[in-house]
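Dear colleague,

I am handing over the structure we spoke about, and my notes on what I found in it follow directly after. Please keep the model open beside the text as you read.

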Amino acid sequence: MAISTDVIPISNVKMGIKSETTFGTGLDSSGADGTAYRQLPVLQATKPTFNVTRESRLLSGRGTVKNAADTIVTAKNGTVSCPFDMVATPELLLQHLAMVTNTYNADGSDVYTVEIDGTNNSTSVGGSISGAEPHTVNLAYYPKAAEGIKVAGCTVSDLTIGGDFGTSGGNLTMSGNYFSGFANPISTGSVLEQTFDGTWVEPDAGVFINMGSLSTKQLGVDGADQDMILKSFSLNITNGVNRVGSNTNGDAEAYAFPEYVATGNIVVKYDSEFSLSAADNVLQSFLDGQTCTLGLKFGDGTVSSESEMNILAELQYTGDPTQDISENGIFWNIPFECVQNSSTEALKISLFSGTNLTAM
């Protein structure tokens, strides 16, 4: 057989997602993918990893070398994972926040809010999906025609939102991992060697959330909210997702979300607002275990147009603030975790999206 001279550039490979109407089932029952995938603006599309069971055993009577016939590969009861890393568009950020928090609220006028509050976040997902909540998606990996993988029942196990004036032009980025309990390739769920007959659309082409649009930058220190000069921030949300049960195909019957954890890090300038003095001592905030408020408003704070978003968090410093020293001066590197404080949510994010989750 002759060798192939085909070369597949990594830039040719596509990845995309689209909402499911029933947990773990291809959106189009015919398998033809008549509705569009929202193409993910990743630099490199990463093939989903099938975490299945393979047992290679040396059985009695086989001598000193394993026999190929004794290897067992079990795709049932497995999981699938796939990383992503991209610049955040409002549509995709909303969709991924809904997957990792398992809640969202349409506030009207294209404004949507997600929260971590210990009450509204679902502890499980399975069965039919109403109004795109809880939110799961099909994930498509498509290198070329007549090749590819479609994974059903995908949620987000962890999501990191980051903003840094020195990275990506100050545009917010988002990264994390997809998780699925549908590792057995069958026609009703995840499939291999898949031709995607549907279309691909770009979400919010050219629309980003930029650090330069911040109108409010406040952080609590030593018992008071202070205005800050911000260098960067990161916010990580995890939900501890686990698959539950197994149907006749070996696919998950539900997912459990045992704990929602939001942690992060913020880098602020060492100045008269964030110092070691009596009134604004960042070390004292850590040693006293104080609850502090973080407020970031991208845009004018009204969340009324594209690229606007508000982040409000109740947090505690989780470590002694360290110093970030550069030619720009000395900055405080402050790690934190978001915590429930009486009736105040641990984390609340409101953002503007021209597309509702039900249309994604």
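I325 lies in strand β21, which covers residues 322-326, and with a relative accessibility of 63% I325 counts as exposed because the limit for that class is over 50%. Together with Y270, L276 and I330, I325 forms a nonpolar patch on the surface, and the accessible area of this patch is about 360 Å². Please bear in mind throughout that this is a predicted model.

Next come the aromatic side chains, where the count comes to ten aromatic pairs. In one of them, F84 and Y178, the ring centres are 4.6 Å apart and the planes stand at 40 degrees, so the pair is tilted. F84 belongs to strand β4 (residues 72-87) and Y178 to strand β10 (residues 173-180), so this pair ties together parts that are 94 residues apart in sequence. Both partners are covered: F84 is buried, with a relative accessible area of 4%, and Y178 is buried as well, with a relative accessible area of 2%.

The rings of Y142 and W200 make another pair, with centres 5.9 Å apart and planes at 15 degrees, so this one is stacked. Here too distant parts of the chain are linked, since Y142 sits in strand β8 (residues 137-142) and W200 in strand β12 (residues 200-201), 58 residues apart. Y142 is buried at a relative accessible area of 14%, and W200, at 18% relative accessibility, also counts as buried. Elsewhere, F23, F179, F182 and Y255 form one aromatic cluster, while K231 lies over the face of F331, at 5.3 Å from the ring centre.

Strand β4, which holds F84, is also the place of C82. V261 is placed in strand β18 (residues 261-269), and at 28% relative accessibility V261 counts as partly exposed.

How well does the length of helix α1 agree with the span its residues should have? Helix α1 runs over residues 90-101, and at 1.5 Å a residue its twelve residues should span 16 Å, which agrees with the 16 Å found between its end C-alpha atoms. The helix is mostly covered, as twelve of its twelve residues are buried, among them P90, L94, H96 and T101. Just after α1, N102 takes a positive phi of about 55 degrees.

Two serines also have a positive phi. S109, which is not a glycine, has a phi of about 55 degrees; S109 is found in the loop between β5 (105-108) and β6 (111-116) and is exposed, with a relative accessible area of 66%. For S307, again a residue other than glycine, phi is near 80 degrees, and S307 is found in the loop between β19 (292-298) and β20 (309-317).

The last topic is charge. Side chains of opposite charge can pair when their charged atoms come close. In this model the count comes to five salt bridges. One of them joins E91 to R38, with the closest N and O atoms 2.5 Å apart. This bridge links distant parts of the chain, as E91 is in helix α1 and R38 in strand β2 (residues 37-39), 53 residues apart; E91 is buried, and so is R38.

In another bridge the side chains of R62 and D70 meet at 2.8 Å, N to O. Which of these two partners is buried, and which is partly exposed? R62, at 39% relative accessibility, counts as partly exposed, whereas D70, at 7%, counts as buried. A further bridge is formed by K269 and D271, whose closest N and O atoms are 3.0 Å apart, and D271, at 17% relative accessibility, counts as buried because the limit is under 20%.

With kind regards

Note on methods:
Residues are numbered from 1 along each chain as its sequence is written. This is a predicted model: local features need pLDDT of at least 70, side-chain atom pairs count only at pLDDT 80 or more; totals for chains, interfaces and linings use all residues. Side-chain values use heavy atoms; hydrogens and water are left out. Rings of Phe, Tyr and Trp (its six-membered ring) pair if their centres lie within 6.5 Å; planes under 30 degrees apart count as stacked, over 60 as edge-to-face and the rest as tilted. Helices (H or I, at least four residues) and strands (E, at least two) are DSSP runs, numbered from the N terminus. Buried means under 20% relative accessible area, exposed over 50%, partly exposed in between (1.4 Å probe, protein chains only). A charge sits over a ring if NZ of Lys or CZ of Arg is within 6 Å of the ring centre and within 35 degrees of the ring normal. The expected span of a helix is 1.5 Å times one less than its number of residues. Patches are made of residues with over 30% relative accessible area and no salt bridge: like charges are joined within 9 Å, nonpolar side chains (Val, Leu, Ile, Met, Phe, Trp, Tyr) within 5 Å. Accessible areas come from the Shrake-Rupley method with a 1.4 Å probe; for residues, only the protein chains shown count as cover. A salt bridge is a side-chain nitrogen of Lys or Arg within 4 Å of a carboxyl oxygen of Asp or Glu.
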